[in-house]
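Biologist: Please take a close look at the contact between the two chains, and describe in one connected account how the two sides meet.

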2 protein chains.
Amino acid sequence: MKNRMLIVLSMLLLSGAACLAQGPSAASDAKPSSLNLPGQRYPQVDSQRRATFQLRAPDATTVKIHLVDDEYDMVKGANGVWSFTSEPMDVGFHYYWFVLDGASVTDPASKTFFGNNRLSGGIEVPSPDEDFYHFKDVPHGVVSERWYFSKSANAGRRVFVYTPPDYDTNTTARYPVLYLRHGGGEDETGWSVQGYMSFIMDNLIAEKKARPMIIVMDSGAGGMGGMRGMGGMGGGSNAMVDELLPMIDSTYRTIADRDHRGMAGLSLGGTQTFQTTQANLDKFAWIAAFSSPFQFPDVKTGYNGLMADPEAFAKQVKLFYLSMGENEVRWGGTRPFHQELEAAGIEHVYYESPGTSHEWQTWRRSLYDLAPRLFQPEPEEQE
Amino acid sequence: MKNRMLIVLSMLLLSGAACLAQGPSAASDAKPSSLNLPGQRYPQVDSQRRATFQLRAPDATTVKIHLVDDEYDMVKGANGVWSFTSEPMDVGFHYYWFVLDGASVTDPASKTFFGNNRLSGGIEVPSPDEDFYHFKDVPHGVVSERWYFSKSANAGRRVFVYTPPDYDTNTTARYPVLYLRHGGGEDETGWSVQGYMSFIMDNLIAEKKARPMIIVMDSGAGGMGGMRGMGGMGGGSNAMVDELLPMIDSTYRTIADRDHRGMAGLSLGGTQTFQTTQANLDKFAWIAAFSSPFQFPDVKTGYNGLMADPEAFAKQVKLFYLSMGENEVRWGGTRPFHQELEAAGIEHVYYESPGTSHEWQTWRRSLYDLAPRLFQPEPEEQE
């Protein structure tokens, strides 16, 4: 009887504690996010993938957190520190910010990331079984910030260029080029910062799983470079093809033909990829779109009618690659498009990222899955 | 009489308006700061170099702005927008953040910059007579983000490396190297972001005023790279000399001797420069410190007693360069040190940046003044 009382009492106390915490509470194994600024203990992520955020704002009346696509109330605790613990999150990178007495501000404890047309905080939820995007002790390429004069903008434009580990030592080698686009509301920093693209490529190249290549990351907006928001739907296509592409080919040791040039993009960047490559099939033979939200090529008229002839399309387009997160709903058009392509007998590769949504882990995995397929000889061309 | 009444009335109205504005008000020629995020109208700077900041925080009780070294109250206006206009500011870059109901947060309208051991907003006050640090239509070098494995940290470290415009095309040329340090509370991003070092170098090289050189920007803290705070006083010196320097010499086409290797730093980075070069005079022959706060070399014992012999010192140290802002007070030790050197007959170059203080415009000008003097033959060696 005494024992049963204790158990009931314990349960009441536990449920009370849970109530007081207003939502889930973090497990004691929580660790600081890898995206925190030096010395910052919060945000933290526990082994259940629950993230705990804190903000010291002693005089605030209300503090909310905008995390991924939703807003949640934070709770004021001792010393004027507000906190919130999330439900278990998907692995990978997520944007967040605070709404502090009506002002939308980033967490001073987090590095900042350009997304949603603003600078946001970021939290990184570790993925215990994956290290393909981690820094490893392998030969490293570099990501160069390059400014060039754009005639159409009559101003400087900024582009980031990944060159593989052997680029500087193997000074007579020439390389294929992938043009890689960020998503809507992001900018040319997205792939190297949120996407860890250089670690993904360094690791693949070290394992000889991907061919060394140059990767060009520009802004999908037409403007003057630097930090940019969401461009038009085909944003920056003309500037990319007319100005950036010749500059890259004259500046880097590229193999400057369509068989050694590809374009890929995520979300809106995938839509831009469809549009740019359809209009410039003489320049691009490798095409990939991750989680593209809309304006898929029409299987009857797409690529100037080339898709209506699956054999001709497969001959012209060396790789037509599509991917999305398994749990994507709002921007989930890629799966039905893939089914449409299958029904029409159009050769393509389709990948689904398990357990993820419209987010960077989907796109990191997509690049990891895509890169080994790029610029490889056709099976019959192989020795 | 009627006219006089009107004049008095106007004066009253004008003084009333000034009172309501609680401080200086911006001139109507104010323009958005070049460091604003896309589409952001504020902060703005007027022709009198007064900066106006705004923050929409409808439910806030108090909002202050921390600008440079001081804190000011912001005033709530219509629509819940708080604002503040500064007194005329020095030209160049200044850090700022808001204190919103007790929480210290960055302005969501500004790009962010690592300084004061945190991410801050930044405002750029144009300098009408100077464009040496602006983007121009000249050949451009690149700033590469390079990760490498550090044995002492047992982790990846990040370094930024500037290579000059002809580096990739002139593939047999070898280049001198300048190691360039940020200030305390800043990190390895400081010189290329706040300092515009690549535009300064591109412009100087285009005008043939500076010799093309490689510039290496690492973190002055010993840790694992990435974003870093203030290191120890000699922070990172050993890792720089023992690990970074050989990596640079084996990765880039450097001229790997002391006559073609220099080190410079600003503020705490200048102190680190003194300490590193004194301990490694076999590796560095070009030495520069901008606005260094403390621990100047002792003219009797500095550089292992070499300074006690001005002739020997001048022979060994190809350039000993010092600078500061004309208006520096708190960290103003460089001017008296320069006078001490003069009295002791120790050869050096001293530069004062007119009208500026302990801030980036001083350091941009210092780099612009220093770079043409670096890696030049002695007068008698010239043809």
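Modeller: Two strands are taken as paired if DSSP finds at least two bridges between them. In this predicted model, S12(A) and strand S12 (residues 142-150) of chain B meet that rule, as they run antiparallel and are joined by 5 bridges. Within this pairing, B:Val142 of S12(B) lies opposite A:Arg146.

The interface around that pairing involves 41 residues of chain A, which are in contact with 41 residues of chain B. Between them the two chains bury about 3500 Å², and 62% of this area is on carbon and sulfur atoms. On the side of chain A, the residues that lose the most area to chain B are A:Asp101, A:Phe135 and A:Trp147, which together account for 14% of what that side buries.

Several strands of chain A each supply at least two residues of the side that touches chain B: S3 (51-56), S9 (103-105), S10 (112-115), S12 (142-150) and S13 (155-163). S12(A) gives the largest share of that side, with 8 residues. Sorted by class, the side of chain A that touches chain B comprises 21 nonpolar, 11 polar and 9 charged residues.

Key. Residues numbered from 1 in each chain as written. Chains lettered and ligands numbered in written order. Predicted model: local features only at pLDDT ≥ 70, side-chain atom pairs only at ≥ 80, totals over all residues. Heavy atoms only, no water. Contact = heavy atoms within 4.5 Å. Buried area = accessible area lost by both parts, 1.4 Å probe. Helix = DSSP H or I, 4+ residues; strand = E, 2+ residues; numbered from the N terminus. Nonpolar A, V, L, I, M, F, W, Y, C, P; charged D, E, K, R; others polar.
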